[in-house]
Amino acid sequence: MMRSILIAAVVGVLAAVPASYLLTAPARQDRAATSARAGNDVFGMVTPAEAWPICSTMSAMTETPDRAALDPDFAAGKRAIVAGDWNGAIKALSSAGLRDARNADIQNYLGYAYRRLRQVDPAMRHYQQALRLNPRHRSAHEHLGEAYLVQGDLTKAKEHLAALERICLIPCDEYDDLRRAIAKYDKVAER
């Protein structure tokens with residue numbers, strides 16, 4: 001009898017660990033969910049929208065059984081991001097953030113929406129808040145690194161690339177995206 005209880009407890013723990021990781025890990029991002037629509041001034045040059053360092057992976061925007069299922073504002077904010085309605089996303093996600101101030105994903109999505117509106121300072125504040133809440137939040141590291149590139153701070157962007165290298169034990173989209181954005185930035189800087 002005691003052996004059966006012990007075996008059941010071990011099996012329960014073994015099942016709970018992967019389940020808790022899947023429920024709490026930062027959501028993966030969909031490369032097809034977003035497209036750049038605006039340019040950016042880099043070194044005094046206006047670059048086309050495609051060259052602006054905005055991640056191409058926001059797969060977390062698809063409806064998944066996560067916080068969005070529990071919070072209609074969070075779900076509305078994610079839908080607004082997919083639709084490119086940055087102001088609508090900010091409004092909905094800000095409401096969700098008032099109820100769930102410890103949600104790093106909400107802060108990351110808010111930062112993303114602000115950055116798409118070219119409001120880099122509030123975007124960076126939200127990314128930094130996301131990293132305070134979850135220092136291993138891959139998306140926030142990627143997005144904050146891209147925001148540093150927008151500000152011309154290559155050193156800080158590379159710090160976030162190094163952080164992603166430590167966090168991503170296997171290849172991850174966030175590392176690859178930031179690495180490409182830094183390479184593109186270096187190429188423009190050489191001109």
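Nine helices and two strands make up the secondary structure of the protein chain in this predicted model. Among contacts between residues at least 6 apart in sequence, 60% join residues at least 24 apart.

How much of the protein chain is buried? Of its 191 residues, 46% count as buried. The accessible surface comes to about 10,400 Å², and carbon and sulfur atoms account for 59% of that area.

Now turn to the interior. In soluble globular proteins, nonpolar side chains tend to be buried together. Here, the largest nonpolar core has 36 residues, and Ile81 and Leu93 are the members that touch the most others. At least two residues of this core come from each of the helices H3 (72-83), H4 (86-99), H5 (104-116), H6 (120-133), H7 (138-150), H8 (154-167) and H9 (173-190). Helix H5 gives the largest share, with seven residues.

Finally, have a look at the cysteines. A disulfide is a covalent bond between the sulfur atoms of two cysteines. The model has one disulfide, counting pairs of cysteine sulfur atoms within 2.5 Å. Which residues form the disulfide? The partners are Cys168 and Cys172, whose sulfur atoms lie 1.9 Å apart. The link between Cys168 and Cys172 is right-handed, with 70° about the S-S bond. Are these two cysteines buried or exposed? Both Cys168 and Cys172 are buried.

Definitions and conventions. Residues are numbered from 1 along each chain as its sequence is written. This is a predicted model: local features need pLDDT of at least 70, side-chain atom pairs count only at pLDDT 80 or more; totals for chains, interfaces and linings use all residues. Side-chain values use heavy atoms; hydrogens and water are left out. A nonpolar core is a set of buried Ala, Val, Leu, Ile, Met, Phe, Trp, Tyr and Cys residues joined through side-chain atoms within 4.5 Å. Buried means under 20% relative accessible area, exposed over 50%, partly exposed in between (1.4 Å probe, protein chains only). Helices (H or I, at least four residues) and strands (E, at least two) are DSSP runs, numbered from the N terminus. Contact means heavy atoms within 4.5 Å. Accessible areas come from the Shrake-Rupley method with a 1.4 Å probe; for residues, only the protein chains shown count as cover.
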